[in-house]
Amino acid sequence: MIDNSSLEEPVKDLAKRIFLRVAKAESKVHGKPLSEVHFHEVGAVDSIVDIVGTAILIDRIRPDKVISSVVNEGYGFIECAHGTMSVPVPATSEIMAEAGVKFRQIQVETELVTPTGAAIIAELSDTFVPMPVMKVEKIGWGAGKKDLPIPNLLKVCLGQMGDEGEFMVMETNVDDCSGEILAYTMNKLMDEGALDVFYTPVYMKKNRPAYLLTVTCNTKDMEKLQEIIFRETTTIGIRYRHENRTKLDREPVKIDTPYGSVDGKRVVYKDQEYIYPEYESVKKTAEASGVPLKEVFRISQNSQETQKQRTE
């Protein structure tokens, strides 16, 4: 039905991927190959509309990333095509387990997550955390028909995430990795967008000396930076958390010195302005002129103070 429809190809592809998740779960539950799977309730018109409709909307919005809160499921038993089933039903359990969906059961005695809903969220989201800092542009509400002791509502927020205020901190302890590898890893992380990388000497279990690797980054860069850490070091686990920061306004400037122009940054805090020479630029100028690094730093600081006084 999907292939023979007039839907756009990205919509068809997403819808079929969602249905495939349900089919794989049913196949495992019944111990049958995919070709013999029957969708039962999922084949009903409303479920087809749910899945295909979601695919159409996602294709229209085209978000860079979908983030879900922890999924809330009920408890108890329900009646379905297979008879009386415990909640969550087997297909829903398999879908969420296979995709690593984070969920919890709450004190509501009924099914809150169907196989269809589980397949949709499993396909769209791989992150299950409280809503991160974002500038919300639109909010959509969907109300269910069941009369529950809690609001039977689904809320979806569309917005922009940036590096203002919130960022990620990742940490891992490493006790069996050489200094050369750690130095190489630091350079790779910085090249791929880490905001900062540093090591702290620590003592681990059995009094083994080790290093605590700490990486700060924008949320959007976390996954690719984790890949670097896992690939380049011997760690087998990474802790991470959201943190907030106060970030001063800054802009790049050029500082004139007798030895050439040096890159710097102008930082403003309240009514105070500070200009800091950039190390790499100072280093390059010092090497080219044969002047000690500390002398270029001193001249750069004096030059920016002189320029500031002339401006005033």
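Axes here are lines fitted to C-alpha atoms, for helices over the stretch in contact, and angles run from 0 to 180 degrees between N-to-C directions. Helices (H or I, at least four residues) and strands (E, at least two) are DSSP runs, numbered from the N terminus. Keep both in mind; we will need them for the helix pairs.

Before that, the ground rules. This is a predicted model: local features need pLDDT of at least 70, side-chain atom pairs count only at pLDDT 80 or more, and totals for chains, interfaces and linings use all residues. Residues are numbered from 1 along each chain as its sequence is written, and side-chain values use heavy atoms, with hydrogens and water left out.

Now the whole chain. It holds eight helices and 13 strands. Its radius of gyration, taken over C-alpha atoms, is 27 Å. A compact globule of 312 residues would come out near 20 Å, by a rule of 2.2 Å times the number of residues to the power 0.38. Along the principal axes, the C-alpha atoms fill a box of roughly 85 × 55 × 40 Å. Of the 312 residues, 33% count as buried. Buried means under 20% relative accessible area, exposed means over 50%, and partly exposed lies in between (1.4 Å probe, protein chains only). Contact means heavy atoms within 4.5 Å. Among contacts with a separation of 6 or more, 57% join residues 24 or more positions apart.

On to the helix pairs. Two packed helices are described by the angle between their axes and the distance between the axes.

Start with H1 and H3. Their axes come within 9 Å and cross at roughly 115°. H1 passes H3 in a right-handed crossing. On the H1 side we have Arg-21, Val-22, Ala-25, Glu-26, Lys-28 and Val-29. They meet Pro-90, Ala-91, Glu-94, Ile-95, Glu-98 and Ala-99 in H3. By class, that contact has seven nonpolar, no polar and five charged residues. For the classes, Ala, Val, Leu, Ile, Met, Phe, Trp, Tyr, Cys and Pro count as nonpolar, Asp, Glu, Lys and Arg as charged, and the others, Gly among them, as polar.

Next, H1 (residues 9-30) with H4 (residues 115-124). The angle is about 120°, and the axes are 9 Å apart. That makes H1 oblique to H4. The scale: under 35 degrees is roughly parallel, over 145 roughly antiparallel, 65 to 115 roughly perpendicular, and the rest oblique. H1 passes H4 in a right-handed crossing too. H1 brings Leu-14, Arg-17, Ile-18, Arg-21 and Val-22 to the contact. These residues divide, together with those of H4, into eight nonpolar, no polar and three charged.

Now some single residues. The peptide bond from Val-87 to Pro-88 is cis, with omega near 0°. Pro-88 lies in the loop between strand S3 (83-86) and helix H3 (90-99).

Which residues other than glycine have a positive phi? Asn-207 is one, at about 60°. Lys-270 is another, near 55°. Asn-207 sits between strands S8 (196-203) and S9 (209-217), and is exposed at 64%. Lys-270 sits between strands S12 (260-269) and S13 (272-277), and is exposed at 68%.

Last, Val-71, in strand S1 (residues 71-73). Buried or exposed? Val-71 is buried, at 12% relative accessible area. Beyond its neighbours within four places in sequence, its contacts include Val-101, Phe-103 and Phe-128.

Technical notes:
A crossing is left-handed if the near helix is turned anticlockwise from the far one by less than a right angle, and right-handed if clockwise.
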